[in-house]
Amino acid sequence: MSKKYTRREFIKISALGTGALAVGSGLMTDWWSLDRPSIEDPKTDGDRIVPTFCEVCFWKCGVLAHVRNGRITKLTGNPNHPLSNGKLCPRGAGGVGMLYDPDRLKKPLIRSKKRGEDVFVEVDWNTALDKVAHELKAIRQKYGPEALALFSHGCGGSWFTQLMKAYGSSNIGAPSYAQCRGPREAGYSLTFGQSLGSPESIDIAHARCITLIGSHLGENMHNTQVQELAAAIDAGAQLVVVDPRFSVAAGKARYWLPIKPGTDIALLLAWMNVLIEEKRYDVDYIREHATGFDELKAHVADKTPEWAFGVTGLEPKLIRDSLRLIASARPASLIHPGRHTTWYGDDTQRARAMAILAALLGSYGRRGGYISSSKMPIPAYSTPSSTHKPRSPADRPKSGGFPVADEVLASGLRQASIPGTAAYDIKGWLVYGTNLMQSLPNPKETIEAIQHLDFIATIDTMPAEICGWSDVVLPECTYLEREDDLYSAQYQQPFVAIRQEVVPPLHDSKPGWWIAKELAARLGLGAQFPWHDARVYLRKRAEAGGLDWTRLEKSGVVLGKRTPVCEEEGLKPAFGTESRKIELFSAELKTLGADPLPNFYPPEEPPPGMFRLLSGRSPVHTFGRTTNNQLLLESFPENEVWINTAASKAISGFGRALKNGDKVRLVNQDGARSMPVKVKVTERIRGDCVYLVHGFGHTSKGLGRANGRGASDSELTTRYKTDPLMGGTGMNVNFVRIENHEG
Amino acid sequence: MTMDTRRCVGCNACVIACKTENALAEGTSRDWVITETAGTFPSLSQEIRSERCNQCSRPPCVDSCPTRASHIGEAGVVLVSRNKCTGCKACIGACPYNARYVHPDGFVDKCTFCFHRTKTGALPACVEVCPTQALKFGDLEDATSEVSRLLRARRHKVNRPDSGAKPNVYFLI
């Protein structure tokens, strides 16, 4: 790569670099110093800086976009924004890679061959929008508006939610519920009468002990939480980490509990046993605020650490010692609620067990535990009310089920697309910002459902796999090129943030608000989108909410009044349950015929020669949506399958121990085979499971960089266990064997 | 500079922010993250470090540079004058920290502690972005600076203390 210069060229280049300075160089003693040392200024500071908020993940941090000569040069954290505090995670800093990704969707596309063959023709926007409107009209006429479903992820989905409501369907689901945080919301809601939402109202910063159960905070980069975690560690907080894998957080923990996968409830029950047995729980708090303590006490009486040892593989001493540390910090002892909690199908009960443990520690409503939050009230933009009252969503089976789900199940909408399975059939899909081939388990089922549809359209920025299965693909511009709705956060420090267009949309992409508004007009629903453009809409909403528009535009965020968030600040703990108390024993679950107190049921064992497949996050990536981003993939180009060192010596078909970088395929219990993936042989994981970072193994030919990198855990998730309480799809129930890629 | 291994989660925000701040060529980086694990399952320990040029006080790269492109600049920062660099790679061989690389345009490139920023009083981009505030930048000569305070308060080490280069990036352990 290195370029060779002749001496003459060298001097010429030097002279060019320094201009007139070279002329007076006679005083210099050697010609190498003809020019002064010149240090380049990369000139990436913006001549214009536009505040907006991030959409590379769902955390929505405030960013400052630097624009120089019409190009975004860099993104930095907005110091005024309570979620970023001037700092960004790698994805936020690398968001510009999404904007300038050469593989972006650039023109509207209409399918020209069989569905799924991924062959399209480019069309203009009128043709594409007319086609979508025509199909949506046909669905409305033939089956009623409820036969249309929206799958959505991210802020921009709100425009399409508005469109759906105007159209007359309440079938609006996000995989972020039934494939992610849903069980946690249900479990905490059953116990405390309130779900956690996002960002979670937890006080990591002031916790003196933080317990992570399967959460790998630090690898999942929820910016504010990681900022608080680091501050807490620095302030002397101790960590207890329960994880089959020695995570980054485990590396900082006082106690790492390398638990056998699927046995967390047993550990939680044993911890409760010790907490009650040794009277280390918060007696006064429980007496004042909780119901069902006696039932709980009796329930855990025989769940000793010795019992749990046989199930979890964790030494009784480790269980006792870690619990004593956890208890010693109460009430500032935070049982982190986790986020991606769809593991084994009994996940609501595990979340219940975590909530009960948090209650015994007296940490709910207390500093360093679970705190309160508030939101600035911003009235909705007023539009004419619709006369159509939509039928309830079709996301539950005909026979009913999932009684405690409080959001629409994306997997349920998929199921309802298989004719005759739900109260009525779903016949059309709009897919916004979520690659359903990776975000829903068992892609085969997704494909089957799609084959039954009359119509499917995808709105996205990148040609993810789901685009290939669509009839129409509408290229949205990225978050840096558009306005989205105001973000009024439910947070300890309430605030409203604005997303605004930093640079005009590239290619022939359009903002979501424009797409939704244009579709509405074509569907005769224009009255529901009465504003001229998103900026007019935003300004009217902001002013109706009493916000200073100019300030919002200039600083990107307006803070609300912070009110007390915990008992130490004068806010008495309050609970939204029917009893207005913490329900250790859940009367509601009893009525539903479910376990009113969490029970441990042993998970299925891996068959001989197979490993349980676990998945998680890289701090550099958000699901599969960033794996084509040049800036980010340079730091994490592909996932690797983690396998324990000792276990790696006993894999058949290699004739030797596996070593780092060996290419293998993972084959699951149903014969699903992954793409070739590199092996990471490590002491950092138990021998009965293997681990993949989620979001790799793309097959879309349009993803030039991501295609063919690593293995897709989604492809291997042909099985899932549905949570009978809320419909979450437990996905850690698949087993894989390791096959020689060459062999 | 100090780098707190207890705070750092190895997220790579420093690496990405450096790429955009310094408009680095595709596929190159001036800083990187190292994760070191010791022990056998389940008795393990781990250290995570964000690493870059150590801006050594006795920089072997400068000694080895035949064209004086590598030099100690203002405030002791080790810099490469692009217009003097021939890309001979002698410095790359001499650097004990593997902190240098050849830019696609032929010259050798490395971390400058964001000299264009720090000379105006701003922080290096990696320090500014760091969500865990593991990175701190300041004047080691000034006893009242945060970095000096941290070095007095915390156990610390440098990489390759045997190199004789007198590195100026300290890892708090």
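# Close-up views of a predicted two-chain model

Figure 1. The contact draws 51 residues from chain A and 52 residues from chain B. On the chain A side, helix 1 (7–18), strand 3, helix 2 (90–93), helix 7 (223–234) and helix 22 (630–633) each supply at least two residues. Helix 7 of chain A gives the most to this side, with six residues. Some caution applies to helix 1 of chain A, residues 7–18. Over residues 1–34 of chain A, pLDDT stays under 50. The model has 36 contacts beyond four places in sequence for that stretch.

**Figure 2. Chain A as a whole.** Chain A holds 24 helices and 27 strands. Its radius of gyration is 27 Å, close to the 27 Å that the globule rule gives for 743 residues, so chain A is as compact as a globular protein of that length. Along the principal axes, the C-alpha atoms of chain A fill a box of roughly 90 × 75 × 65 Å. Of the 743 residues in chain A, 60% are buried. Take the contacts in chain A with a separation of 6 or more: residues 24 or more positions apart account for 72% of them. The average pLDDT of chain A is 94, and 95% of the residues score at least 70.

**Figure 3. Chain B as a whole.** Six helices and ten strands make up the secondary structure of chain B. The radius of gyration of chain B is 16 Å, close to the 16 Å that the globule rule gives for 173 residues, so this chain is as compact as a globular protein of that length. The C-alpha trace of chain B spans about 50 × 40 × 35 Å along its principal axes. Buried residues account for 47% of the 173 residues in chain B. Among contacts in chain B between residues at least 6 apart in sequence, 52% join residues at least 24 apart.

Figure 4. Strand 6 covers residues 148–152 of chain A, and five of its five residues are buried. In a regular strand, side chains alternate between the two faces of the sheet. Here A:Leu148, A:Leu150 and A:Ser152 point one way, while A:Ala149 and A:Phe151 point the other way. Strand 6 of chain A runs parallel to strand 13 (residues 428–432) of chain A, and five bridges join the two. In that pairing, A:Leu148 has A:Gly428 as its bridge partner. Strand 6 of chain A is also parallel to strand 7 (residues 172–173) of chain A, through two bridges. There, A:Leu150 is partnered with A:Ile172.

**Figure 5. Helix 5 of chain A, between strands 6 and 7.** Strand 6, helix 5 (residues 157–167) and strand 7 of chain A make a right-handed β-α-β unit. Eight of the eleven residues of helix 5 of chain A are buried, so the helix is largely enclosed by the rest of the structure. The buried residues include A:Trp159, A:Phe160, A:Leu163, A:Met164 and A:Tyr167. What do the buried residues of helix 5 of chain A pack against? They pack against helix 4 (125–143), strand 6, strand 7, strand 13 and helix 18 (512–522) of chain A. A:Gly168 follows helix 5 of chain A, with a positive phi near 110 degrees.

Figure 6. Three strands of chain A form an open sheet in the order 1-2-3, with antiparallel pairing. Strand 1 (48–53) and strand 3 (71–77) of chain A are the edge strands, and each pairs on one side only. Neighbouring strands of this sheet are turned by 30 degrees against each other on average, direction ignored. Six bridges join strand 2 (residues 62–68) of chain A to strand 3 of chain A. A:Val67 has A:Ile72 of strand 3 as its bridge partner. Strand 3 of chain A also supplies at least two residues to the side that touches chain B.

Figure 7. Three bridges link strand 17 (residues 495–497) of chain A to strand 18 of chain A. The bridge partner of A:Ala497 in strand 18 of chain A is A:Val557.

Note on methods: Residues are numbered from 1 along each chain as its sequence is written. Chains are lettered from A and ligands numbered from 1 in the order in which they are written. This is a predicted model: local features need pLDDT of at least 70, side-chain atom pairs count only at pLDDT 80 or more; totals for chains, interfaces and linings use all residues. A residue is buried if 20 or more other C-beta atoms lie within 10 Å of its own, exposed if 12 or fewer, and partly exposed in between; C-beta atoms are placed from the backbone. Helices (H or I, at least four residues) and strands (E, at least two) are DSSP runs, numbered from the N terminus. Two strands pair if DSSP finds at least two bridges between them. A crossover is right-handed if, with the strands pointing away from the viewer, the path from the first strand over the helix to the second runs clockwise. pLDDT is the predictor's confidence in each residue, from 0 to 100. Two residues are in contact if their C-beta atoms, placed from the backbone, lie within 7 Å. The radius of gyration is taken over C-alpha atoms; the globule rule is 2.2 Å times the number of residues to the power 0.38. Axes are lines fitted to C-alpha atoms, for helices over the stretch in contact, and angles run from 0 to 180 degrees between N-to-C directions.
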